[in-house]
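Biologist: Please show me the model, and then let us discuss how its parts pack together.

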Amino acid sequence: MPNDYLLTVISNIGMISLIALSAYLLLISGEISFGQQAYFGISAYAGAIATTLWGWPLWVALLFGSSLAALAAGLVGLLTLRISGLYFSIATLAFAEMIRLSLFKLSYQIEIDGELIGPNGAEGFGEIRWIFDNDVSVFEYTLLIYGVLFLVLLCLVLIERSRLGMIFRMLGQDPLLTRIQGLNPVRYKVTAAMIAGFIGGLGGTLYAHSVTYIEPQIFNIMLGVHALAYGLIGGLGTVLGPLIGVAIDIGFLESVRAIQGYRMIAFGGLVAIMLIFMPRGILDENRVYRLKSFARRWFRA
Amino acid sequence: MTDFLQNCIDGVMFGSGYALLALGFTLVFGVMKRLNLSFGPSIMLGAYAGTWVYLNISQNVLLVVLVTVIITVAVGIYVERLCFWAVRRDATIASMVSSFAIWMQLEEVAMHLLPERTYPFPAFFASTLIEIGPFVVRSEHISMFLLTLALLALLHLFLYRTRPGLALRAVSDNPLASTYMGINSSNILFLAFAVVSVLGGLAGFLILSADSQVTPFFGLWATFKGLIAMMLGGMGSLPGAILGGLLLGVVEANAFWYGGPVIRDISAYLLLFMMLIVRPGGLVGQRIVAQQQAAYERV
Amino acid sequence: MLELQAVSKNFGELQALHGIDLHFRRGTVSGLIGPNGSGKTTLVNIITGIYPPDSGRVLLDGKDVSRYSADQITRLGVSRSFQNIRIFNRMSVLENVIAAFIGHDKSGLTTLLGPAKHAGDPSVMAARQALETVGLLDQSNLSASELPLPLRRRLEIGRALACDPKVLVLDEPAGGMTPAETASISELIRSRIAPGRTCVVIEHKMDLISHVCEYLCVLNHGEKIAEGDPRSVVSQPEVIEAYLGQA
């Protein structure tokens with residue numbers, strides 16, 4: 001049985017992958033969002049409140065938190081329909097910061113077993129005890145995380161191959177041309193936003209229950225831009241891209257003891273250098289396309 | 001009512017600092033059509049260097065200013081070469097994410113250099129309260145305001161009365177045409193970053209000395225305030241940066257007075273969000289947005 | 001079938017179009033010519049819904065479509081190519097054509113989530129058909145960015161043709177091509193595309209125009225200065241003056 005530290009690292013990779021996939025989906029459909037951490041955060045708080053204060057089962061809380069996140073994402077998507085590019089990106093950033101700051105004002109506590117439990121502004125939200133109350137081991141929870149991640153990946157792969165996925169990619173390359181094909185971008189942009197928000201939300205609720213203590217400061221721009229960077233490094237040509245980016249940062253860099261404490265310096269420098277040579281990541285569309293052609297020929301032989 | 005006006009005065013005073021930061025963003029955006037997210041952290045490193053000198057070498061304020069500016073410029077050049085000059089022209093996202101990655105890097109460097117939470121920063125100005133009728137103004141804020149005006153005037157002179165300034169404006173307006181005129185846009189980018197870093201270093205110095213301390217949060221704070229102020233005024237517009245800075249200052253001062261620090265920060269972002277949705281070009285820049293739209297629709 | 005009534009459009013102080021009246025009859029191939037800056041592309045953009053006219057109307061089969069968005073107009077059966085070639089560079093040749101079909105499908109949830117490139121799918125088969133029409137079937141799986149210029153133009157035309165549009169608008173389909181390539185495109189347009197469909201072709205190259213068009217309209221400085229049979233239009237003094245300056 002792998003030790004707890006390793007399991008925690010693996011869990012984190014799984015959960016952060018969800019927010020990375022959230023940013024990736026939007027990136028593919030043509031919008032750079034610096035604000036996916038808002039949905040991660042909304043769902044973290046909502047899901048944690050549901051299990052800890054209302055006694056709901058985890059899976060219901062998961063759906064609840066993620067749906068709330070998706071709704072918020074849809075709202076932002078609608079509001080930002082008319083703006084694009086940098087204006088859109090900054091708007092998502094502004095929204096995410098509004099959410100983070102509002103969490104400082106969120107105070108909702110209930111007395112449970114003589115203690116006041118619940119989110120309390122800057123003090124955060126602790127005692128998210130679902131894992132302990134239900135005797136779930138670290139290993140089992142890691143499996144749960146990866147189960148969810150696997151389902152999300154499956155859905156994303158199905159979307160990628162579907163007409164919807166093709167529409168997203170068309171929007172990402174040329175929204176005007178997409179209109180010329182007879183497609184109204186509005187419904188697809190909002191759909192993309194809501195799916196992305198939902199995925200980010202899944203990560204958020206899982207995260208809250210894994211770390212058992214959350215506070216507003218966690219859901220800051222650092223998280224958001226990391227989420228974006230993972231896809232950009234791993235590659236925008238495939239859903240595995242963001243996962244590769246996360247694995248590089250958390251997995252590899254975390255485990256190389258020599259650079260403990262200098263991880264940001266190393267990761268930051270690495271990102272900057274990689275983006276010079278591979279602006280769309282390791283597995284960008286062209287490389288994926290070439291790999292697929294190669295595989296096709298190889299299997300035919 | 002007096003409170004409101006007092007807040008507005010405070011807001012305008014402090015907003016001048018925001019205006020300087022916004023100018024830094026807007027100049028780089030004007031030339032590059034990209035955002036430099038490392039702007040705040042580079043100023044912070046400059047300020048840290050200044051503080052270090054102040055604590056360990058000499059309390060000479062002029063020296064501190066010089067060191068702050070020089071280090072800011074040095075870091076600015078590092079960022080420019082790595083994140084902007086080296087990255088492909090059309091990879092705008094990559095540039096910005098790259099500058100953010102370097103931001104993370106710089107923040108960590110700062111943390112290692114000066115691990116304490118706050119450090120004293122030389123107070124350049126004597127601190128007294130000046131009363132004008134029913135209103136009170138802090139002298140260091142007035143000094144900052146006046147110095148900001150002076151810097152703005154110098155910047156204006158540079159951009160409109162010198163040849164390098166002309167080249168910079170040309171590249172901002174039309175990079176391709178400028179190349180045909182023999183202007184090396186790579187050099188201009190370098191120049192822009194240098195000018196912006198000097199501005200930033202000075203802005204940082206003014207803001208921090210009015211506060212008389214520097215903390216590791218300054219990098220993030222400066223980037224955000226500058227960004228918000230720029231967007232409020234209009235991305236790429238110089239007068240916009242100034243107006244945006246003042247607007248931000250006034251709104252924040254009132255929000256703080258009536259609601260506290262968290263409400264102040266929420267108001268800043270709310271204002272930005274609303275502006276982007278309703279009038280993305282900002283107070284001044286509707287023309288820029290229209291231009292961008294037209295360029296995009298040129299089929 | 002496609003009518004413009006008193007259409008005007010300004011861009012700031014620039015008056016791009018001024019009181020244009022045009023009637024493109026069903027089933028004809030019309031040419032739209034004029035010096036650079038005469039407003040041809042603006043006209044075409046208004047027809048295809050990229051922006052609305054400032055005044056005047058655009059009628060498609062009698063229906064006022066002046067304020068319709070580009071996607072609405074496309075769904076009514078209007079298709080176009082672009083002067084600067086707009087294709088999806090990060091998708092394959094085949095995918096570029098399939099893209100045209102997606103917009104026309106009645107998109108319910110099941111259609112949306114259905115596979116886009118399944119070989120047996122009717123849209124895929126129709127897309128391959130369209131590619132065959134323009135001679136690009138062999139390049140189906142190449143990335144669109146890998147095609148040389150003449151083939152990219154063919155791809156764009158193939159994509160525009162894919163859904164059997166009632167109105168086909170081609171904006172300089174032979175732009176940037178050698179005389180041999182121009183002849184080839186010209187033959188393609190004439191033989192495979194024209195019959196029964198209303199076409200509007202913007203072009204500078206008179207060899208293509210004369211090979212393909214039954215009707216010609218000339219714009220200059222945003223105004224219509226001549227229209228009619230190609231041979232007679234070309235010899236009108238105003239037209240010659242517009243292109244070559246006063247004699």
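Predicted model: local features only at pLDDT ≥ 70, side-chain atom pairs only at ≥ 80, totals over all residues.

Modeller: Residues are numbered from 1 along each chain as its sequence is written, and chains are lettered from A and ligands numbered from 1 in the order in which they are written.

Biologist: Are α5(B) and α8(B) roughly parallel or roughly antiparallel to each other?

Modeller: Helices (H or I, at least four residues) and strands (E, at least two) are DSSP runs, numbered from the N terminus. Axes are lines fitted to C-alpha atoms, for helices over the stretch in contact, and angles run from 0 to 180 degrees between N-to-C directions. Helix α5 (residues 139-161) and helix α8 (residues 185-211) of chain B pack at about 170 degrees, with axes 9 Å apart. Angles under 35 degrees count as roughly parallel, over 145 as roughly antiparallel, 65 to 115 as roughly perpendicular and the rest as oblique, and α5(B) and α8(B) are therefore roughly antiparallel.

Biologist: Which element gives the most to the side of chain A that touches chain B?

Modeller: Two residues are in contact if their C-beta atoms, placed from the backbone, lie within 7 Å. In these terms, 32 residues of chain A are in contact with 33 residues of chain B. The elements of chain A that give two or more residues to this side are α4 (85-105), α10 (221-234) and α12 (263-277). With twelve residues, the element that gives the most is α4(A).

Biologist: How many residues does α7(C) give to the side of domain 1 of chain C that touches domain 2 of chain C?

Modeller: The domain bounds, which come from an automatic or database domain assignment, are 1-77 + 165-247 for domain 1 of chain C and 91-164 for domain 2 of chain C. The contact takes 14 residues from domain 1 of chain C and twelve residues from domain 2 of chain C. On the side of domain 1 of chain C that touches domain 2 of chain C, α7(C) gives the most, and its contribution is five residues.
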